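Here is a protein chain to get to know. Have a look at its sequence and its fold before reading on.

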Amino acid sequence: MLPAVVKLCCGISYPHLRSVAGLQRTAVAVIGQEITHLQRWGQIQHQMRAHTGVKSDAVEDYREESFTEAKREDLKPAPSKEDKLFFVQQGREAMRKALSMLEDEEGWKVEVTESDRDVIRSKVLPGARKVFRLEAVLEASVEELYDILFVRVEEMHQWNPSIQHIEVLKQVGPETMVTHEVSAETAGNLIGQRDFVSVRHSCKQKSGVYLGGAAVQLESFPPQRGFVRAEDGPTCIVIRPLDEDTRKSHFTWLLNMDVKGWLPRSIVNQALPRAQLDFTRHLRRRLTASATLG
């Protein structure tokens, strides 16, 4: 969506997400598809409209494209129908709020510009908390990035040294999961080791893939001794194919995190964009390794 991933678990040089108008269409498309997913689980359409404000005729403007079904034997024990609805609603709402933040172009200021054209911008939210938006172009297709960042999220520690481990606690379905993530004790980590329990939600449209997420409370998994439990979200990642080369993707990551603890805000605001750049660097190495093996 992660210091851990600094999340993720949800396009740089991607001029302002291809304009505010493009994001508005994106938000409507994503929310429209989420309503369709929830209807599969027996939900009533007017309940979904009450949450999102999307009209039925707007939903019909977009064709659903389902993700490949995960292998049944690979799934964790399925939650109850009530839990399933709750987690899907949480993930969908996190996606909606995060896309709304990206859609609002007011107040963004450049924090970092890298030589490879990666750019991080920040905005101060009410309460003086900063959110960070990273934009990059990656040498990978949309499907490859979706597979690495969502389907195979439990393998993330293998290529990202800032993560100690990620475990799927609840597999709600192919589009939604609840994860526990622990950041690694690494040199130079100003924030220190944290853990996260988050709902991660995915949605696929013809225009690209959307990964959203937010912190969630689980009575069965309370804060662990020795860790400060940080909270993500709402946060999201938007992955779209590059127009002139579908083997490359625009990658946009909204990082919105409350690290908790007693750290000065100035230290947190230095550490989070650095963690985004580190994550992107490790992801590029992972993609290079895959290309070499392939």
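What follows is a short tour of the inside of the model, then of a few single residues.

## Before we start

This is a predicted model, so local features need pLDDT of at least 70, side-chain atom pairs count only at pLDDT 80 or more, and totals for chains, interfaces and linings use all residues. Residues are numbered from 1 along each chain as its sequence is written, and side-chain values use heavy atoms, with hydrogens and water left out.

## The nonpolar cores

Let's begin inside. In soluble globular proteins, nonpolar side chains tend to be buried together. A nonpolar core here is a set of buried Ala, Val, Leu, Ile, Met, Phe, Trp, Tyr and Cys residues joined through side-chain atoms within 4.5 Å. Buried means under 20% relative accessible area, exposed means over 50%, and partly exposed is in between (1.4 Å probe, protein chains only).

The largest nonpolar core has 38 residues, and Leu149, Phe251 and Leu283 touch the most other members. Two or more residues each come from β3 (130–138), α5 (142–151), β4 (163–173), β7 (208–215), β10 (235–242), β11 (245–255) and α6 (265–293). Helices (H or I, at least four residues) and strands (E, at least two) are DSSP runs, numbered from the N terminus. Helix α6 gives the largest share of this core, seven residues. Apart from it lies another core, of twelve residues, including Met95, Leu99, Cys236 and Val238.

## Rings and a charge

How many aromatic pairs does the structure hold? There are four aromatic pairs. Rings of Phe, Tyr and Trp (its six-membered ring) pair if their centres lie within 6.5 Å; planes under 30 degrees apart count as stacked, over 60 as edge-to-face and the rest as tilted. Take tyrosine 146 and phenylalanine 150: their ring centres are 5.8 Å apart and their planes are at 15 degrees, so this pair is stacked. These two sit four residues apart in helix α5, about one helical turn from each other. Tyrosine 146 is buried, at 6% relative accessibility, and phenylalanine 150 is buried too, at 1%.

Elsewhere, Trp159, Trp253 and Phe279 make up one aromatic cluster. There is also a charge over a ring (NZ of Lys or CZ of Arg within 6 Å of the ring centre and within 35 degrees of the ring normal). Here the charged end of arginine 133 sits over the ring of tryptophan 108, 4.8 Å from its centre.

## The largest cavity

A cavity is found on a 1 Å grid over the protein atoms alone, as a set of points where a 1.4 Å probe fits but cannot get out; lining residues have an atom within 4 Å of a point. Grid points are joined across faces, edges and corners, and a volume is the space filled by probe spheres set on the points. The largest cavity holds about 30 Å³ of space.

Which residues line the largest cavity? They are Ile148, Arg152, Glu155, Met156, Trp159 and Arg286. That lining divides into three nonpolar, no polar and three charged residues. For this count, Ala, Val, Leu, Ile, Met, Phe, Trp, Tyr, Cys and Pro are nonpolar, Asp, Glu, Lys and Arg are charged, and the others, Gly among them, are polar. Glutamate 155 lies in the loop between α5 and β4 and is partly exposed, at 28% relative accessible area.

## Backbone details and contacts

Two loop spots are worth a look. A cis peptide bond, with omega about 0 degrees, joins glycine 233 and proline 234; proline 234 is in the loop between β9 (231–232) and β10. Lysine 260, a residue other than glycine, has a positive phi near 60 degrees. Lysine 260 belongs to the loop between β12 (257–258) and α6 and is partly exposed at 31%.

Finally, glutamate 111 is in strand β1 (residues 109–113).

Terms used. On a 1 Å grid over the protein atoms alone, a cavity is a set of points where a 1.4 Å probe fits but cannot get out, and a pocket is an open set with protein on both sides within 12 Å along at least five of seven lines; lining residues have an atom within 4 Å of a point.
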